[in-house]
Amino acid sequence: MIQDAARDAAEDIARRSYGKLVAYLSARTRDVAAAEDALAEAFAAALADWPANGIPQNPEAWLLAVARRKAIDVARRRRTGEEQAGHLQMIHDEVEAAAAGASDIPDERLALMFACAHPAIDAAIRAPLILQTVLGFDASTIASAFLIAPATMGQRLSRAKNKIREAGIPFRVPEREELPERLDAVLAAIYAAFAEGWTDPAGTEARRRNLAEEGIWLGRLVVSLMPDEPEALGLLALMLFAEARRAARRDANGEYVPLADQDTPAWGAVMIDQAEALLRHAGTMNTVGRYQLEAAVQSAHVVRRLTGAADWAAIEQLYDALHALTGSPVVAINRAVAVGETEGPAAGLAQLDALADDARLADYQPYWAARATLLARTGDTATAASAYDRAIGLESDPAVRRFLQARRSALEN
């Protein structure tokens, strides 16, 4: 029982504070990989110490103190250049913390996020690097989000961390003129974190629920830093629109409810109103970007609260603009669904057929689910059943899997 309590406490701290602790350590050492290693050793020490001596009153401070000592030991063995400066800073922090009995740990995540988005780091790896170092994602989860092989993603992340250390990239929130070239990566990472939390509709998995909340909190933080940046406003609006519908995504029995069938009074009116206000404010700046367009799509869906139907013509036009901007196959799938609503299922299928040779979609569940739905509407039940089988096999959420199975069974009736 004591062992379980210690493990649960360590897991809770890892969920809530991993990024904050890594950011604090990295800011002193300028070495993300070393900070991660030191923190991993601190967690291992906690699992050995806490069952015997009890969970400390301030577990975060205990972990940080141990991680600092581990980092100091490593720095003492190196004792060169920037590493020596980091070593001295760590010793200074350790002495100060011991003298003051300090328990507050500065939250330096935003500074680390912008450090990971430094222009010296390859643009394609900036957002994944933020996800791993600040939000605690593993390489395989990140690889899945970006449709990249896990081994390739792991290698790229390691190289990026080495670049931070070797180039002496500063850990700070950049000056105003430096923000625009880094903002895209920061926003992409925040959205990926939110999306991972969004995949737990009932909010029953603590880690994923925390990620959705964390994404919105970080989005608000960026907006407070850059209140006139339209894409930051657009992203926050997008997340609020989505989070407002969380309660409607499951019925009383925990079964999946698709967007078109959701009970609109169950949507969070306060969040939706906040999202609409953010989107309107972004629209006054005459600069259109990905997140504003995606938020506008959500706005066109939630208009069903007032009219009883989504504005599919607007949704199709918005996806046209999004696809022209991003070239994303995911956007193309959503556009095909919209075309299926405005022009009929055959037209939607033609859009999906154009994506059939994209290898990235071979194991992408939403592609097969969309295909199955449109095929069923055309009356091609045999091919629809095959597509449903593929989608069911790729779906990890039991409730969504049951929903797809019910749709497939309905083809035989």
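**Notebook: a helical model, looked up piece by piece**

I began with H6, where the buried residues are Ile 125, Arg 126, Ala 127, Pro 128, Leu 129, Ile 130, Leu 131, Gln 132 and Thr 133. My cut-offs: buried is under 20% relative accessible area, exposed is over 50%, and partly exposed lies in between (1.4 Å probe, protein chains only). Nine of the 11 residues of H6 are buried, so this helix is largely enclosed by the rest of the structure.

Ground rules before going on. This is a predicted model, in which local features need pLDDT of at least 70, side-chain atom pairs count only at pLDDT 80 or more, and totals for chains, interfaces and linings use all residues. Residues are numbered from 1 along each chain as its sequence is written, and side-chain values use heavy atoms, with hydrogens and water left out.

**Overall**

I counted 20 helices and zero strands. Helices (H or I, at least four residues) and strands (E, at least two) are DSSP runs numbered from the N terminus. Of the 413 residues, 50% count as buried. I then took contacts (heavy atoms within 4.5 Å). Among those between residues at least 6 apart in sequence, 64% join residues at least 24 apart.

**Pro 119**

I found Pro 119 in the loop between helix H5 (109-116) and helix H6 (123-133). Its relative accessible area is 37%, which means partly exposed. Leaving out residues up to four places away in sequence, Pro 119 touches Arg 126, Glu 181 and Arg 182. Pro 119 and Arg 182 are 63 residues apart in sequence, yet their C-alpha atoms are 7.1 Å apart in space.

**Gln 262**

Next I went to the loop between helix H11 (230-244) and helix H12 (269-283), where Gln 262 sits. Gln 262 has 5% relative accessibility, so I logged it as buried. Its side chain makes a polar contact of 3.0 Å with the side chain of Trp 267. For that term I need a pair of N or O atoms within 3.5 Å; within protein, one must be able to donate a hydrogen and the other to accept it, and residues adjacent in sequence count only if both atoms are side-chain atoms. Beyond four places in sequence, Gln 262 is in contact with Arg 245, Ala 248, Arg 249, Val 257, Trp 267 and Arg 304.

**Asn 286**

Asn 286 is in the loop between H12 and helix H13 (290-302). I noted its positive phi of about 60 degrees, although it is not a glycine. At 71% relative accessibility, Asn 286 is exposed.

**H16**

Helix H16 (residues 329-342) has 14 residues and reaches 20 Å from first C-alpha to last, close to the 20 Å expected at 1.5 Å a residue. I got the expected span as 1.5 Å times one less than the number of residues. The buried residues of H16 pack against helix H15 (312-326), helix H17 (345-353) and helix H18 (365-378). At the start of H16, a side-chain oxygen of Ser 328 comes to within 3.1 Å of the backbone nitrogen of Val 330. Just after H16, I saw that Gly 344 takes a positive phi of about 105 degrees.

**H19 and H20**

Last, I looked at helix H19 (residues 381-394) and helix H20 (residues 398-410), which pack at about 170 degrees with axes 10 Å apart. Axes are lines fitted to C-alpha atoms, for helices over the stretch in contact, and angles run from 0 to 180 degrees between N-to-C directions. So I put H19 down as roughly antiparallel to H20, a label used for angles over 145 degrees.

How values were computed. Angles under 35 degrees count as roughly parallel, over 145 as roughly antiparallel, 65 to 115 as roughly perpendicular and the rest as oblique.
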